[in-house]
Amino acid sequence: MLIGTLFALAAGLMWGLVFVGPLLLSDYPAVMLSFGRYLAFGLIALPLAWWDRAALRTLTRADWLEALKLAMVGNIVYYLCLSSAIQRAGAPLPTMIIGTLPVVIALVSNRRNAARDGTLPWRRLAPSLGLIALGIGLVNQAEWQALRADPQADLGRYALGAALALAAVVCWTWYPIRNADWLRAHAERSPRTWATAQGIATLPLALLGFAGTWLVFALTDAPWVMPLGPRPGAYVGLMLAIGLLASWLGTLCWNEASQRLPTNIAGQLIVFETLSALAYAFVLRGEWPGLPTACGIALLIAGVWWALRVDPEPAAADAHPN
C-alpha cells in the first residue's frame, strides 16, 4: 500500500505539469499541444522500446489493440479536451472539474470492480469523499468569484471550456479503470513495458493528427507557422519535457501504483494531480494560496489519508449459488 501510494504521488507530480503547458503556450492551439505532446511521447518511447524489445514481442495482438484504445482515449482525446478547456476557461475551472476525478473513479470502480478488489463500505468511504469534495470546492472558491466579477468574461467561451473539461473527466474515468483491468490481469508483465507499449501505440495517432492539423492549416490559409509555430524553441522543449515526464514517466509510475492498489483506492489518489497542478499554478503566479485555498488543500490531503485507512471488504457471495 505504501509503495503504491508513493508511485501514485510521483505520477501526480508528473501529471500536474500538463496544466502548465497550455498556460505557458497560450498562443498555441490545443491541437498543437495535444499532438505535439504525444508525438514527443512516441519518439521518446522508440529507444525505450528497443531496450525492452524482448518483453514487447510477447504482447499479443489483443494487447496492442488495448494499448491503442488507451492511447487514443487516455492520451490524445483527454489532453485535447483538457488543453482546449484551459485555454477557453482558464486554469481554475478545468482544475475544479478535473479535481472531481478521485470521487468519480472511486464511485464507478467501487461498483464495477467489487468482485476483484472488494468493496469499500459506503459508510466508511463517505467521509473521505466528502472531505475531497469539500476541499475541491474551497480550493476553487476564490477563483470562481474572481471569474464572476470579471466584466470581460465570455460566458459562452467558459461554458464550452466547462463542457470540454467534463469530456476530459469521462476520458480519464475510463482510462485508469481499463488500464488497471489489463495490469491486474497481467500481473506478470512489467509496468514499464506497458507504459512503453502505450507510447508506441500513441506515435502513429500523434503523427496522423499532426499531419492532419498541418493539412487543415494549409488548406484554410490559417495564420500559423508550421510545423513548430512562432516559438519553436519553447514549443519543442516543453513538449519533450511533458512527453518524457508526464507521459512516459507518469504512466510508468501510475502503472506501478495500479498493480499494487485496488482501483477504488488508486482512483482517489489522482487527487495528487490536482494538488500538483495548483502548486505549479501558484508558482507561476508568484504568490501563496489564500486561506480558503490552503484549507481546501488540507481537506484534500485529509480525504486521501482517510481513504487509505479503509480496508476493502470481500464482495458478498451469491446467496443462491447454482
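Q: What makes L2, L6, L9 and L13 a nonpolar patch on the surface?
A: In this predicted model, these four leucines together have about 370 Å² of accessible area, and residues are joined into such a patch when each has over 30% relative accessible area and the nonpolar side chains lie within 5 Å. L9 has its place in helix α1, which covers residues 2-15. An α-helix has 3.6 residues a turn, so residues three or four places apart point the same way.

Q: Why is L9 called partly exposed?
A: Its relative accessible area is 32%, and because buried means under 20% and exposed means over 50%, with partly exposed in between, L9 counts as partly exposed.

Q: How do you know that the radius of gyration of the protein chain agrees with that of a compact globule?
A: For 322 residues a compact globule would have a radius of gyration near 20 Å, and because the protein chain has 20 Å, the two agree. Along its principal axes the C-alpha trace spans about 65 × 55 × 35 Å, and 51% of the 322 residues count as buried.

Q: What is the reach of helix α14, and how is it set against the expected value?
A: Helix α14, residues 271-285, reaches 21 Å from its first C-alpha to its last, which is close to the 21 Å expected at 1.5 Å a residue. Its buried residues include V271, F272, L275 and F282, and just after α14 comes G286, which takes a positive phi of about 75 degrees.

Methods
Residues numbered from 1 in each chain as written. Predicted model: local features only at pLDDT ≥ 70, side-chain atom pairs only at ≥ 80, totals over all residues. Heavy atoms only, no water. Patch = residues over 30% accessible without salt bridge, like charges linked within 9 Å, V, L, I, M, F, W, Y side chains within 5 Å. Areas by Shrake-Rupley, 256 points an atom, 1.4 Å probe, with all protein chains shown as cover. Salt bridge = Lys/Arg side-chain N within 4 Å of Asp/Glu carboxyl O. Helix = DSSP H or I, 4+ residues; strand = E, 2+ residues; numbered from the N terminus. Buried < 20%, exposed > 50% of the residue type's maximum accessible area, 1.4 Å probe, protein only. Rg over C-alpha atoms; globule rule 2.2 N^0.38 Å. Expected span 1.5 Å × (residues − 1).
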